[in-house]
Amino acid sequence: MKIGELAKRSGLTAHTLRYYEKIGLLPDADRDRSGHRDYDASALVWIEFLGRLKTTGMPIRQMLRYAELRRQGPATEKQRQRLLEQHRDAVREHVYELQSCLDVLDDKIAGYAGNDRNKD
């Protein structure tokens, strides 16, 4: 698929896709006879995965590290697994912190609903 279609399907701009390719986050696309980028469907799956990493707060340098390991092939599977496990642990901790904050907000809202005195 051409870059415009990939941009539309991924929700990213063509500029962002070119940038991702330039920094090594997105593998170089094949080129058609005219020299235009021609992506296969696997690019969309990879971009969706990158989006999840970004949403969960993975720093770009770690995303780049993961992408580099991925390019190196099956010999790096254990390293990629460890990187993802470490990130998963960080995400779980963040979710726990957010849940604690949500609990406080719920208590505060319940206090207002019941005319409780702890409405600071």
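Student: At roughly what angle do the axes of α1 and helix α2 cross in this predicted model?
Tutor: Helix α2 covers residues 14-23. Its axis and that of α1 come within 9 Å. The crossing angle is roughly 105°.

Student: Is α1 roughly parallel or roughly perpendicular to α2?
Tutor: The two axes cross at roughly 105°. Angles of 65 to 115 degrees count as roughly perpendicular. Therefore α1 and α2 are roughly perpendicular.

Student: Which residues in α2 meet α1?
Tutor: From α1 come Ile3, Leu6, Ala7 and Ser10. By class, the residues of this contact are five nonpolar, one polar and one charged. On the α2 side stand Ala14, Leu17 and Arg18.

Student: What does the crossing angle make α1 relative to α3?
Tutor: Helix α1 spans residues 3-10. The axes of α1 and α3 come within 10 Å and cross at roughly 40°. Angles under 35 degrees would count as roughly parallel, and 65 to 115 as roughly perpendicular.

Student: Which residues of α3 make the contact with α1, and is the crossing left-handed or right-handed?
Tutor: On the α1 side, Leu6, Arg9 and Ser10 take part. Their partners in α3 are Ala43, Leu44 and Ile47. The contact holds four nonpolar, one polar and one charged residues. The crossing is right-handed.

Student: At about what angle do helix α3 and helix α4 pack?
Tutor: Helix α3 runs over residues 41-55, and helix α4 over residues 60-72. Their axes lie 11 Å apart. The crossing is right-handed. The angle is about 150°.

Student: How many charged residues does the contact of α3 with α4 have?
Tutor: Helix α3 brings Trp46, Phe49, Leu50, Leu53 and Lys54. Helix α4 brings Met63, Tyr66, Ala67 and Arg70. Seven are nonpolar and none is polar. Lys and Arg count as charged. The charged count is two.

Student: Which element gives the most to the lining of the largest pocket?
Tutor: The pocket has a volume of about 160 Å³. Its lining includes Ser42, Ala43, Trp46 and Arg70. The top contributor gives three residues, and that element is α3.

Student: How many charged residues are in the lining of the largest pocket?
Tutor: Asp and Arg count as charged. The lining includes Asp28, Asp30, Asp38, Asp40 and Arg70. Six lining residues are nonpolar and one is polar. The charged ones number five.

How values were computed
Residues are numbered from 1 along each chain as its sequence is written. This is a predicted model: local features need pLDDT of at least 70, side-chain atom pairs count only at pLDDT 80 or more; totals for chains, interfaces and linings use all residues. Side-chain values use heavy atoms; hydrogens and water are left out. Axes are lines fitted to C-alpha atoms, for helices over the stretch in contact, and angles run from 0 to 180 degrees between N-to-C directions. Helices (H or I, at least four residues) and strands (E, at least two) are DSSP runs, numbered from the N terminus. A crossing is left-handed if the near helix is turned anticlockwise from the far one by less than a right angle, and right-handed if clockwise. Contact means heavy atoms within 4.5 Å. On a 1 Å grid over the protein atoms alone, a cavity is a set of points where a 1.4 Å probe fits but cannot get out, and a pocket is an open set with protein on both sides within 12 Å along at least five of seven lines; lining residues have an atom within 4 Å of a point. Grid points are joined across faces, edges and corners, and a volume is the space filled by probe spheres set on the points. Angles under 35 degrees count as roughly parallel, over 145 as roughly antiparallel, 65 to 115 as roughly perpendicular and the rest as oblique.
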